[in-house]
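Please read it alongside the sequence and coordinates.

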Amino acid sequence: MQLGLTIPLQKQLKIKNLSYGEPLDRRFCWDLHGITLYGRSCLLAVHCSSRYTFTLFDLSHFDWGDLSGTFLRGMQDSFLAAGIPVDVCRRYLAQVDTPQLTKTHGRREVAFLNRAWDDVVALDYTVDQSTQYQPLLDSAVNDLPRRCAGYEELGTAAERLRQSLEGWAT
């Protein structure tokens with residue numbers, strides 16, 4: 001799995017000289033960015049294949065220090081809240097070695113991330129400031145009809161993610 005970090009996030013984490021990484025199945029590529037909601041430091045993660053998005057609210061210094069672990073826990077919680085079956089989530093995670101931090105996955109993917117950021121800010125009234133995990137915000141963002149490279153029609157990121165993971169439950 002590759003976690004593509006935006007340049008501002010690389011600077012925030014004081015990470016230099018990231019590579020683009022080896023090409024992977026796009027289902028295992030995510031781009032990450034640090035954003036601020038309600039004055040708190042948050043992680044925005046966007047799946048490069050489906051545009052599926054999740055946000056983690058109010059990350060601590062320790063959460064940022066274990067970005068891969070924080071991301072994996074947040075992804076699993078978001079998948080489960082989105083109705084991805086537990087066995088599918090486990091099989092997806094079983095395919096993952098230690099996530100590799102890389103540069104972002106391209107201009108199109110960064111455009112996805114920027115649109116997701118706009119959507120998160122527009123829907124910030126759904127943020128539950130008492131928890132890191134944001135199932136209501138994630139659902140609101142992922143249920144918006146959007147275009148996505150590789151898909152001809154408008155669709156939701158939640159449905160595209162489910163389609164990309166079909167067959168993993170068997």
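A salt bridge is counted here when a side-chain nitrogen of Lys or Arg lies within 4 Å of a carboxyl oxygen of Asp or Glu. By that criterion R26, R108 and E109 are linked in a network of salt bridges, and the structure holds eight salt bridges.

The model is a predicted one, in which local features need pLDDT of at least 70 and side-chain atom pairs count only at pLDDT 80 or more, while totals for chains, interfaces and linings use all residues. Residues are numbered from 1 along each chain as its sequence is written, and side-chain values use heavy atoms, with hydrogens and water left out.

**Charged pairs**

Side chains of opposite charge can pair when their charged atoms come close.

| Pair | N to O distance |
|---|---|
| D66 and R73 | 3.7 Å |
| D119 and R115 | 3.7 Å |
| R162 and E159 | 3.6 Å |

Their surroundings can be described by relative accessible area, where buried means under 20%, exposed over 50% and partly exposed in between (1.4 Å probe, protein chains only). D66 is partly exposed at 37%, and R73 is likewise partly exposed at 40%. R162 and E159 both belong to helix α7 (residues 157-165), where they sit three residues apart, about one turn of the helix. R162 is partly exposed at 34%, and E159 is partly exposed at 36%. An α-helix has 3.6 residues a turn, so residues three or four places apart point the same way.

Helices (H or I, at least four residues) and strands (E, at least two) are DSSP runs, numbered from the N terminus, and two strands pair if DSSP finds at least two bridges between them. On this basis an open sheet of five strands has the order β4-β3-β2-β1-β5, with mixed pairing. β4 and β5 (100-103) stand at the edges with a single partner strand each, so one side of each has no neighbour in the sheet. Neighbouring strands of this sheet are turned by 30 degrees against each other on average, direction ignored. Within the sheet, β2 and β3 run antiparallel and are joined by eight bridges, and T36 has S41 in β3 as its bridge partner.

Helix α5 lies across β2, β3 and β4, running at about 35 degrees to β2; such axes are lines fitted to C-alpha atoms, for helices over the stretch in contact, and the angles run from 0 to 180 degrees between N-to-C directions. The expected span of a helix is 1.5 Å times one less than its number of residues. For the 16 residues of α5 (residues 107-122) this should give 22 Å, which agrees with end C-alpha atoms that are 22 Å apart.

Which residues of α5 are buried? They are E109, F112, L113, A116, D119 and V120. What covers the buried residues of α5 includes β2 (29-37), β3 (40-47), β4 (53-56), α6 (135-142) and β6 (146-148), where contact means heavy atoms within 4.5 Å.

L59 is found in the loop between β4 and α2 (61-65) and counts as buried at 6% relative accessibility. Not counting residues up to four places away in sequence, L59 touches S41, L43, W64, T70 and Q132. L59 and L43 are 16 residues apart in sequence and 7.4 Å apart in space, C-alpha to C-alpha.

β6 and strand β7 (residues 151-155) pair in the antiparallel sense over two bridges, with G155 in β7 as the bridge partner of R146. The two strands β6 and β7 form a hairpin with two residues between them, and G150 in the turn has a positive phi of about 95 degrees.

In α7, the buried residues are A157, A158, R160, L161, S164 and L165. They cover an arc of only 165 degrees around the axis, which puts them on the same side of α7. The buried residues of α7 pack against β3, α3 (67-81), α4 (86-94), α6, β6 and β7.

Notes:
Arc of directions from axis to C-beta.
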